[in-house]
Amino acid sequence: PGGIFLRPREELRIARRLGLDPASFRRKYETNCWRFPSLKERSGGACVMLSPHCRCEIYSCRPLECRTWPWWPEVLQSRQSWNDAAKHCPGMNSGKLWSGGRILKILNAHESYLRKLGCEWRREAGTWKQVLEN
């Protein structure tokens with residue numbers, strides 16, 4: 001479990017899109033309850049960026065982690081994990097079919113993203129922690 005992680009440049013891009021400075025964005029939309037800064041979730045687990053009409057409010061600048069959904073290791077682990085995720089995602093099991101090669105590229109991008117996430121936030125840790133404490 002966990003929210004949608006944000007790399008520092010994604011955080012800045014989304015903040016700008018919403019017309020906020022990074023500190024205000026962090027206070028309003030981020031949580032530190034996971035290992036890295038991530039988007040908050042509403043009760044029931046819905047992303048804070050999901051509109052009442054189930055549309056992403058930041059779709060044009062959504063984080064790479066969102067762009068790689070549902071091709072995450074934990075979702076691809078088994079048919080059951082795929083079906084469980086599909087219960088909460090209306091786009092799954094419909095639309096175009098993806099080739100195994102394309103899915104593998106996306107999966108690799110997701111894993112690379114997670115590796116870079118740790119390195120980038122270690123460099124930014126002081127800034128982010130300072131904002132949350134204020």
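**Exercise 1. Work out which residues of helix α5 (residues 79–86) are buried, and how they are arranged around the helix.**

Step 1. Go through α5 and pick out the buried residues: Ser81, Trp82, Ala85 and Ala86. Buried means under 20% relative accessible area, exposed over 50%, and partly exposed in between (1.4 Å probe, protein chains only). Helices (H or I, at least four residues) and strands (E, at least two) are DSSP runs, numbered from the N terminus.

Step 2. Now look down the axis of α5: the buried residues fall within an arc of 140 degrees, so they line one face of the helix. That arc is taken from the directions from the helix axis to the C-beta atoms.

Step 3. Part of what covers these buried residues is α4 (73–76).

Before you go on: this is a predicted model, where local features need pLDDT of at least 70, side-chain atom pairs count only at pLDDT 80 or more, and totals for chains, interfaces and linings use all residues. Residues are numbered from 1 along each chain as its sequence is written, and side-chain values use heavy atoms, with hydrogens and water left out.

**Exercise 2. Sort the residues of α1 into buried and exposed ones.**

Step 1. The buried ones are Pro8, Glu10, Glu11, Ile14 and Ala15. Seen down the axis of α1, they fall within an arc of 160 degrees, so once again you get one lined face.

Step 2. Turn to the other side of α1, and you find Arg9 and Arg16 exposed.

**Exercise 3. Find the residues that touch the most other members of the largest nonpolar core.**

Step 1. The largest core has 21 residues, and Ile14, Phe25, Leu39, Met49, Ile58, Val75 and Met92 touch the most other members. At least two residues each come from α1 (8–17), α2 (22–29), α5 and α6 (100–133). The largest share, three residues, is from α5.

Step 2. Zoom in on Ile14: leaving out residues up to four places away in sequence, Ile14 touches Leu6, Phe25, Met49, Ile58, Cys61 and Pro63. Contact here means heavy atoms within 4.5 Å.

**Exercise 4. Track down the three salt bridges of the whole structure.**

Step 1. Here's what to look for: a side-chain nitrogen of Lys or Arg within 4 Å of a carboxyl oxygen of Asp or Glu.

Step 2. The partners sit in distant parts of the chain, 113 residues apart: Arg7 is in the segment before α1, and Glu120 is in helix α6. Both are buried.

Step 3. Arg26 pairs with Glu11, with the closest N and O atoms 2.8 Å apart. Since Arg26 lies in helix α2 and Glu11 in helix α1, this pair ties together parts that are 15 residues apart in sequence. Arg26 counts as buried at 7% relative accessibility, and Glu11 is buried too, at 2%.

Step 4. Lys87 bridges to Asp84, with 3.5 Å between the closest N and O atoms. Lys87 is exposed at 63% relative accessibility, while Asp84 is partly exposed at 33%.

Technical notes:
Core = buried A, V, L, I, M, F, W, Y, C linked by side-chain atoms within 4.5 Å.
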